[in-house]
Amino acid sequence: MILMAELKIVTKGSRYFIYIDDRKMGFLYASDLKRIGLSDGQELDDVAVDELRDIMYRRTYNKACSYLESSEYCGSEIRFKLKHNDFADDMIDRVIDELYQNRYLDDKRYAEAFIRSYCHTKGRKLIECELSYKKIDTEIINEAYEAFLSDVDYDEDGVIEDIIRKKYGSEDLSDIKVKSRIISYFTRRGFDLDKVNNHLT
C-alpha cells in the first residue's frame, strides 16, 4: 500500500502557502499551481512530495543568492531575511548549510569586511559585540581582527584623535562637562577609554 500525503493550500494575498500533512513547505504563486497542477486537499505520493520539496528548496536558495549578489551577509542575516519573507524553516536551514559549504557564506570573511567598514567610527568592543549579536563565533571574530590588523595600518589612537578633532575641535577640552560628553560618546561606540582619556589630559 502506497502512503499518500495530504496537500493543504492556504491563500495569503498573492501567495499560496503549501503544507504537506500540516507541515509548512513554503509558498507558490497561482501560475505555479496551474503549471504544476496542484489543488487544495490533493493527495500526493512520495515522488510528488519530493518534487514539490525540491521546487521549494530551489526557490529559497535562489532568493538567498539574490541577497548575496548585492552585499556580504552572515548566516543569521540571511536567515532573518528569508524568514521575514515567509520561507519555511527547514528549507532555510538546508539553504544556509549549502551556502556555507559553497563558501557563499563565510563568517570570517564577513567579520573582516564588517571590521573594515566600521573601524573608523566604532571601537573594537562595540564591533565585537555587534558581531556576536549576529551569531559570529568569538574565535572567528578574533581571527578576523588578526587578519585585519595584519593587512591594514590601523591605529585606534589616531582614530580617536581624528574624531575628537572633527567633532569637538572648537570646544574647551579642559571643561569637565565637555570631557564628560566626549567620554560618553566614545563609551557608546566601544572605544578603549584609557586611550580616550590620554587625549583629554
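User: How many cavities of 30 Å³ or more does a search of the whole structure find?

Analyst: The search finds one such cavity, where a cavity is a set of points on a 1 Å grid, over protein atoms alone, at which a 1.4 Å probe fits but cannot get out. The model is predicted, with local features needing pLDDT of at least 70 and side-chain atom pairs pLDDT 80 or more, while totals for chains, interfaces and linings use all residues. Residues are numbered from 1 along each chain as its sequence is written, and side-chain values use heavy atoms, without hydrogens or water.

User: What volume does the largest cavity have, and what lines it?

Analyst: The volume of the largest cavity is about 30 Å³, taken as the space filled by probe spheres set on grid points joined across faces, edges and corners. Its lining (residues with an atom within 4 Å of a point) consists of Met-25, Gly-26, Phe-27, Met-56, Arg-59, Thr-60, Phe-87 and Ala-88. By class, five of these are nonpolar, two polar and one charged, counting Ala, Val, Leu, Ile, Met, Phe, Trp, Tyr, Cys and Pro as nonpolar, Asp, Glu, Lys and Arg as charged, and the others, Gly among them, as polar.

User: Which elements each supply at least two residues of that cavity lining?

Analyst: Strand E3 and helix H2 each do so; helices (H or I, at least four residues) and strands (E, at least two) are DSSP runs numbered from the N terminus.

User: OK, what's the strand order in the sheet?

Analyst: The open sheet has four strands in the order E3-E2-E1-E4, with antiparallel pairing, and two strands pair if DSSP finds at least two bridges between them. The edge strands, each pairing on one side only, are E3 and E4 (43-44). Helix H2 (residues 46-70) packs on this sheet and touches E1, E2, E3 and E4, contact meaning heavy atoms within 4.5 Å.

User: Switching to helices, which residues of H5 and H6 meet?

Analyst: From H5 (residues 107-118) come Tyr-110, Ala-111, Phe-114, Ile-115 and Tyr-118, which meet Ile-127, Glu-130 and Leu-131 of H6. The contact comprises seven nonpolar residues, no polar ones and one charged.

User: How much space lies in the largest pocket, and which residues are closest to its centre?

Analyst: The largest pocket holds about 180 Å³, a pocket being an open set with protein on both sides within 12 Å along at least five of seven lines. Of its 15 lining residues, Arg-124, Tyr-145, Tyr-154, Glu-156 and Lys-195 are the closest to the centre. Helix H6 gives the most to the lining, with three residues, and the lining as a whole has six nonpolar, two polar and seven charged residues.

Terms used:
Axes fitted to C-alpha atoms, helices over the stretch in contact; angles between N-to-C directions.
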